[in-house]
Amino acid sequence: MRRTWAWAVWMVLPPLPALCWAAADDAGARLQDVSGNRLIPLAAAPAGASDAAAGDQGFDPRWYCSADQHWCVRVQPGDDEEQVVLIVRERSAGRDISRRALALAIGNAEGGLQPWPALVELGPAAGGGVLVGVDAQASTMYSGGGASVTERVVARVMLHAADADSGEVLRLPVQGHASIRACFSERDMDLRAGACHDEYGFDAALSLDPAGEGMPVLRYQTHAHRFPAFASRNQDSLAHGRVKTSELRTVSDPACSYQRVYRFQNGAYMADQALPDCSEFTEL
């Protein structure tokens, strides 16, 4: 599952996604399943002056903590450009009771890295520990446009067990955006009715299934859209011919707006169905 990206700077990239569009998303209320696994939102604390260097390297230097400060997560650079270190801190009465650092293969970090703004606290039936994650953004620029994608790497961290029990368990795209120029002359502008960019968007939410037992069952909900209605990254948009006013609208993509259920099997999370090809939205 390891992947390496080519990176470039695009000045109008959106920030790493908050994913607030889904009611059952990370930023929502605390959720718990029948086995006592809990999805706990994390919020970013102000960055300290000593963290400025980490932020300059594309890493979000802040701790992301639960409201009661019991759990905190942050990311920091690893030994090379394709690695990140995820740090999990557990506190009680204002003092650390455990802390664990886990190295993850992530690709080049220049596009931006921050913790998943939530974690899943594992109950006794799941063997304890937490599910935490890091969101990694890659970007590129085109002539008159650009694209970004964000991938979430989820890991299980066992704070009181051997390192062999901790590691990556899931990797999924959670955001994508592309703006591709479609006009190269006044004639093109006329044919396109002034809509000179094809736009593609993708957002996803990862949440806890309240009915799950044992290891948490995760739900992955996506929504993809395109503008104009006929836009396709697999075809020359100018070959479409003159654009109709009725086509100048944003439409959902039914194939890439879907839900999957992920269950823990043989040390990793597996989807209940194969994922569709959504590379139009999730690749640079």
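This is a predicted model: local features need pLDDT of at least 70, side-chain atom pairs count only at pLDDT 80 or more; totals for chains, interfaces and linings use all residues.
Where does Ser166 lie? Ser166 sits in the loop that runs between β11 (145-157) and β12 (167-181).

View 1. With a relative accessibility of 14%, Ser166 counts as buried, because buried means under 20%. Its side chain reaches the backbone nitrogen of Met158 at 2.9 Å. Apart from neighbours within four places in sequence, Ser166 is in contact with Arg100, Leu102, Arg156, Val157 and Met158.

**View 2. Arg192 in the loop between α2 (186-191) and β13 (197-208).** A polar atom of the Arg192 side chain lies 3.5 Å from the backbone oxygen of His197. Residues up to four places away in sequence aside, Arg192 touches Ala182, Cys183, His197, Asp198, Pro228, Phe230, Ser237, Leu238, Val243 and Leu248. Look also for Gly241: it is 49 residues from Arg192 in sequence, and their C-alpha atoms are 8.1 Å apart in space.

**View 3. An open sheet of five strands.** The strands follow the order β3-β4-β5-β6-β7, with antiparallel pairing. β3 (43-44) and β7 (95-105) stand at the edges with a single partner strand each, so one side of each has no neighbour in the sheet. Zooming in on one pair, β6 (residues 83-92) joins β7 in the antiparallel sense over ten bridges. Within this view, Glu90 stands opposite Ser98 in β7.

How values were computed: Residues are numbered from 1 along each chain as its sequence is written. Side-chain values use heavy atoms; hydrogens and water are left out. Helices (H or I, at least four residues) and strands (E, at least two) are DSSP runs, numbered from the N terminus. Contact means heavy atoms within 4.5 Å. A polar contact is a pair of N or O atoms within 3.5 Å; within protein, one must be able to donate a hydrogen and the other to accept it, and residues adjacent in sequence count only if both atoms are side-chain atoms. Buried means under 20% relative accessible area, exposed over 50%, partly exposed in between (1.4 Å probe, protein chains only). Two strands pair if DSSP finds at least two bridges between them.
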